[in-house]
Amino acid sequence: MFKNLESSYYASPGAEISEWLEENEKTQAWLSEQLGRSAQFVNELINAKIRLSEDTAIDLSSVIGMSPEYWVRREGSYRLALALAKRNNMKVEQQDGTYRMP
């Protein structure tokens, strides 16, 4: 079952946020200001060091777009992929908030 998960499930929501910022020529500092959150919070979110909460999903939908449901599903899919990898004793490597199977 785990091997059938699409590779997008290994990408954290933070990786997608980082990509959006780059494509739109915005910075983490800009996002921090827009969300009313600290720079540290935004950095940890982008680097998948913290979970994307429902409140953050609502805020992101206002700033970046996509629905809050989209962001919650992205976080859930990402965390599920990590849990399945752990359960199946599969090594996962982290690079810039994105987890890839070796």
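This is a short walk through one protein chain, from its overall layout down to a few single residues.

Okay, hi everyone. Before anything else, keep in mind that the model on the screen is a predicted one.

Let's start with the big picture. How many helices and strands does the chain have? There are five helices and two strands. If you read along the sequence, the pattern goes α-α-α-α-α-β-β. The chain has 102 residues, and 37% of them are buried. Now look at contacts between residues with a separation of 6 or more: 56% of those come from residues 24 or more positions apart.

An α-helix has 3.6 residues a turn, so residues three or four places apart point the same way. Keep that in mind when you look at the list for H1.

After H1 comes Glu25, and this residue is worth a stop. Its phi is positive, about 50 degrees, although Glu25 is not a glycine. You'll find Glu25 in the loop between H1 and H2. Is Glu25 buried or exposed? Its relative accessibility is 75%, so we call Glu25 exposed.

Ala48 sits in the loop between H3 and H4. With a relative accessible area of 9%, though, Ala48 is buried.

Now let's see how the helices pack. Take H2, residues 28–35, and H3, residues 39–46: their axes come within 9 Å and cross at roughly 115 degrees. That angle makes H2 roughly perpendicular to H3. Who makes the contact? From H2 we have Gln28, Leu31, Ser32 and Leu35, and from H3 we have Ala39, Val42, Asn43 and Ile46. As for handedness, H2 and H3 make a right-handed crossing.

H2 has another partner, H4, which is residues 54–63. The axes of H2 and H4 come within 10 Å, crossing at roughly 110 degrees. So H2 and H4 are roughly perpendicular as well, and H2 passes H4 in a right-handed crossing. On the H2 side you see Trp30, Leu31, Gln34 and Leu35, and they meet Asp59, Leu60 and Val63 of H4.

Last topic: aromatic rings. A pair of aromatic rings is described by the distance of the centres and the angle of the planes. Searching the whole structure turns up two aromatic pairs. One of them is Tyr70 with Trp71: the ring centres are 5.3 Å apart and the planes are at 80 degrees, so this pair is edge-to-face. How accessible are these partners? Tyr70 has 25% relative accessibility and counts as partly exposed, while Trp71, at 0%, counts as buried.

And one more ring before I sit down. What sits over the ring of Phe41? That would be the charged end of Arg37, 4.7 Å from the ring centre.

Methods
Residues numbered from 1 in each chain as written. Predicted model: local features only at pLDDT ≥ 70, side-chain atom pairs only at ≥ 80, totals over all residues. Heavy atoms only, no water. Phe/Tyr/Trp six-rings, centres within 6.5 Å; stacked < 30°, edge-to-face > 60°. Buried < 20%, exposed > 50% of the residue type's maximum accessible area, 1.4 Å probe, protein only. Lys NZ or Arg CZ within 6 Å of the ring centre and 35° of its normal. Helix = DSSP H or I, 4+ residues; strand = E, 2+ residues; numbered from the N terminus. Axes fitted to C-alpha atoms, helices over the stretch in contact; angles between N-to-C directions. Parallel < 35°, antiparallel > 145°, perpendicular 65-115°, else oblique. Left-handed = near helix turned anticlockwise from the far one by under 90°. Contact = heavy atoms within 4.5 Å.
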